[in-house]
Amino acid sequence: MRPAEERRGAADGGGAVRDGAPGPPARVGAFVLRTLRNEGRAIFADPVRRLRRRGPAGLLLAGVAVGGVIFFHALAQRPAGADVVRAVGGVQGDLPLWLALLRTPVSLYVPALDLPVWAGITQLFLAFALAENSLGRARTLAVAYATTLAGTLTARVMIMAGPDRWGLGLPPEAGQVLDTGPSAAVVGLFTYISVVRRAPVVFLLTGGSMVWESIAKPNLAGREHLVAVAAAIVLGLLHGRRPAWLPGPRRLLRRPAPSGPAGPGALAVPDAGAQAAPSVGAPAAPSAAEMPSPRADAGLNMDI
């Protein structure tokens, strides 16, 4: 008796058809599930495992970022506090460059006026927590500051270019807009992690949302977010690639070797006039007069 698939194939006039072969939708679904599983392991599983080993110390940067935003938000609710916040962390395009660079680190913790504070705290905490346990504290701070600074400096270039150049310029009125908030750092950290960890889904969600934001609401913040994404992509592609002429941090902290003859097999030549001082408590070496003569020993042995 022939199998059912052979009978069905014979009835159709063709060859045997295998029922177990997955179709294109099943293969696409399996690929998507496999990609999501790999990204979940790279983006979330590894940082959570490191967080369990480190304990609460692994959330230091996330706690400082959230606490700083809450503090400056509460301080800005009062008129006198708003003046202090603006004087300490307020960055605008018409400020002198040295003053903008001085205020930029504090501006990361000053919430933007046109964005809800409490809605962005969750994203801020998640971005810094994942980055700290995936990249380390130093690299997390470097990426957050570099992406924020890239957006701030690019905005100044757009304002200087004017609205009639290259289609990317901004009017002079944009230089009076308060340019603060950790949103550029959050976008930069998520993009950097997705590039380093090879997570295309997270990358498309982050970059796609920024493109949609710049199209739906074209303003200064949207352009800075796109610049932050581009800067994070460049930094992510350069991750782990150090020029040969640039020494690593471990090499800079290593103690230099003492000067002397080059080569591992070189022998140290002692100074002819230098004499080694005897150590305290060590028995003194016998002098030449106290040492027995080899001939006397030979004669003694012969007499015996």
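Guide: A crossing of two helices is left-handed if the near helix is turned anticlockwise from the far one by less than a right angle. Keep that rule in mind as we read this predicted model.

Visitor: In which hand does helix 8 pass helix 9?

Guide: Helix 8 makes a left-handed crossing with helix 9. Helix 8 spans residues 183-196, and helix 9 spans residues 200-216. The two pack at an angle of about 145°, and their axes are 8 Å apart.

Visitor: Which residues make the contact?

Guide: Helix 8 brings Val187, Phe190, Thr191, Ser194 and Val195. Helix 9 answers with Val202, Phe203, Thr206 and Met210. Sort the residues of this contact by type, and you get six nonpolar, three polar and no charged.

Visitor: Let me step back to the chain. How many helices and strands are there?

Guide: Twelve helices and zero strands. Read from the N terminus, every element is therefore an α in the order α-α-α-α-α-α-α-α-α-α-α-α. The chain has 304 residues, and 31% of them count as buried. Now take the contacts between residues at least 6 apart in sequence. Of these, 73% join residues at least 24 apart.

Visitor: What lies between helix 8 and helix 9?

Guide: A loop, and Arg198 is in that loop.

Visitor: Is Arg198 buried or exposed?

Guide: The cut-off for exposed is over 50% relative accessible area. Arg198 has 71% relative accessibility, so Arg198 counts as exposed. Check its backbone too: phi of Arg198 is near 55°, a positive value in a residue other than glycine. Arg198 also shows that sequence and space are separate things to read. Arg198 and Ala42 are 156 residues apart in sequence, with their C-alpha atoms 8.4 Å apart in space.

Visitor: And Gly89, buried or exposed?

Guide: Buried means under 20%. The relative accessible area of Gly89 is 0%, so Gly89 is buried. Gly89 sits in helix 4, residues 79-89.

Visitor: Which residues does Gly89 touch?

Guide: Leave out residues up to four places away in sequence, and Gly89 touches Arg103, Val106, Ser107, Val110 and Thr180. Gly181 is 92 residues from Gly89 along the chain, and their C-alpha atoms are separated by 9.6 Å.

Visitor: What does Leu124 touch?

Guide: Ala65, Val66, Val69, Pro182 and Val186, not counting residues up to four places away in sequence.

Visitor: Which residues of helix 10 are buried?

Guide: Leu220, Gly222, Glu224, His225, Val227, Ala228, Val229, Ala231, Ala232 and Gly236. The buried residues of helix 10 pack against helix 7, helix 8 and helix 9. That brings us back to the pair we began with: helix 8 and helix 9, in a left-handed crossing.

Technical notes:
Residues numbered from 1 in each chain as written. Predicted model: local features only at pLDDT ≥ 70, side-chain atom pairs only at ≥ 80, totals over all residues. Heavy atoms only, no water. Axes fitted to C-alpha atoms, helices over the stretch in contact; angles between N-to-C directions. Helix = DSSP H or I, 4+ residues; strand = E, 2+ residues; numbered from the N terminus. Contact = heavy atoms within 4.5 Å. Nonpolar A, V, L, I, M, F, W, Y, C, P; charged D, E, K, R; others polar. Buried < 20%, exposed > 50% of the residue type's maximum accessible area, 1.4 Å probe, protein only.
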